[in-house]
Amino acid sequence: MCQADSRPSRRAFLGATGTVTAVGFSAGCQSRSAPPDRSDAPAPTPPVSPTGRYQAGITLPQPAQRNLLAVVADLADAVPVRPLLAELGEAIRTLTAGTDARLMGLEPGDLTVTIGVGPRLVRTVDPALPGAKDLPRFSREQIASRARGGDLLIQICADDALVVPVVAAALLERAGDRIRERWRQSGVRGANVPVDRDRAAPRNLFGFVDGIVGPHTRAEQERDLWLSGPAPVADGTLAVLRRMELDLPRFARLSVAEQEAVFGRRRANGVPLSGGTIASGPDLGAKTPDGRYLVPADAHARRAHATAVGVGLMLRRSYSIDGPAPGLLFMSFQNDIRTFTSTLTNMDNSDALLDYTTTTASATFLILPGFDEQRPLGSRLFR
């Protein structure tokens, strides 16, 4: 047991040995009469409700948490889907509330858990529903069979990196042998850069601000993000996961101007090469006096632009990963899978950024509508 020592020789010793020694002692022993000063302690992270019209972890919180773990699994043969999802939903409620003993005493903070089901499960309900189609294959893929597709997505996000694997272990324990894990990927978001008054976006491993464009207003989200029908999937959305290895050494050998030509934006501040602010959409028609496009024809900002492709906006949330090679876990959310497939087809034809990427995992999921105590998770789809 630690007690305060008030002898002068003790205080003199602490003063003589410097602040590092003093800090070392105070970390393990504090005076009973002088409680620690917590005026500069970080404020508690506000919780995010897991229940409501939409699942948490997509548009809430904003900005997205720093840490993510995506677990992709298959259901074992003949496992009833509805009770499994209901149990996962109940576990999510207790974990986010901090009342689950499996948190090991950790505070959940801004923990969110988002659940999606893969095309095979959606087809068992209705092959015509959104989310029933598998992703096609694209170029620059080196994907093992185990890393393509899947029945179940468990997306876990939190600012506290310790919470994420603990919650994953709790949910997988709850599911037991009813699911078989295919693959998992953890990732981290870089420091946020202000984009607009109420928005920020992180940098990726290439050093560029990532995820600037998307359905950010409520009207844009109703139009391009959330499913509006049929009833079993309304208020859900469609997720795409793509794990990519990045050729950082080769990209780093480019000059800054060459790197910016690949992205179509300034590396330092995210402003389009056509000018404006970071929040400005690139002016795809802007040219130099000698007739060259300010945003090059093969720049990522052009090839992936919704107007150039002719599709709606997708909400992108990318996480940097390290191991076995540096890379990116790309995630997009949209209410029409063609938003993603048409965009990537357009990029496949001529996007300078893809020359530095190799996709090693790919899957798509229907993110289930929101749930609460009266409507268990998945109950609207699996009746």
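Reader: Before we start, what should I know about the model and its numbering?
Author: Residues are numbered from 1 along each chain as its sequence is written, and side-chain values use heavy atoms, with hydrogens and water left out. Because the model is predicted, local features need pLDDT of at least 70 and side-chain atom pairs count only at pLDDT 80 or more, while totals for chains, interfaces and linings use all residues.

Reader: OK, how do the axes of H3 and H5 cross?
Author: The axes (lines fitted to C-alpha atoms over the stretch in contact, with angles from 0 to 180 degrees between N-to-C directions) of helix H3, residues 81–97, and helix H5, residues 163–175, come within 10 Å and cross at roughly 150°. That makes H3 roughly antiparallel to H5, a word used for angles over 145 degrees.

Reader: And which residues of H5 make the contact?
Author: With contact meaning heavy atoms within 4.5 Å, H5 contributes Val-167, Ala-170, Leu-171, Arg-174 and Ala-175, and the H3 side includes Leu-84 and Leu-88.

Reader: Switching topic, how many cavities of 30 Å³ or more does a search find?
Author: The search of the whole structure finds two, a cavity being a set of points on a 1 Å grid over the protein atoms alone where a 1.4 Å probe fits but cannot get out.

Notes:
Helices (H or I, at least four residues) and strands (E, at least two) are DSSP runs, numbered from the N terminus. Angles under 35 degrees count as roughly parallel, over 145 as roughly antiparallel, 65 to 115 as roughly perpendicular and the rest as oblique. On a 1 Å grid over the protein atoms alone, a cavity is a set of points where a 1.4 Å probe fits but cannot get out, and a pocket is an open set with protein on both sides within 12 Å along at least five of seven lines; lining residues have an atom within 4 Å of a point. Grid points are joined across faces, edges and corners, and a volume is the space filled by probe spheres set on the points.
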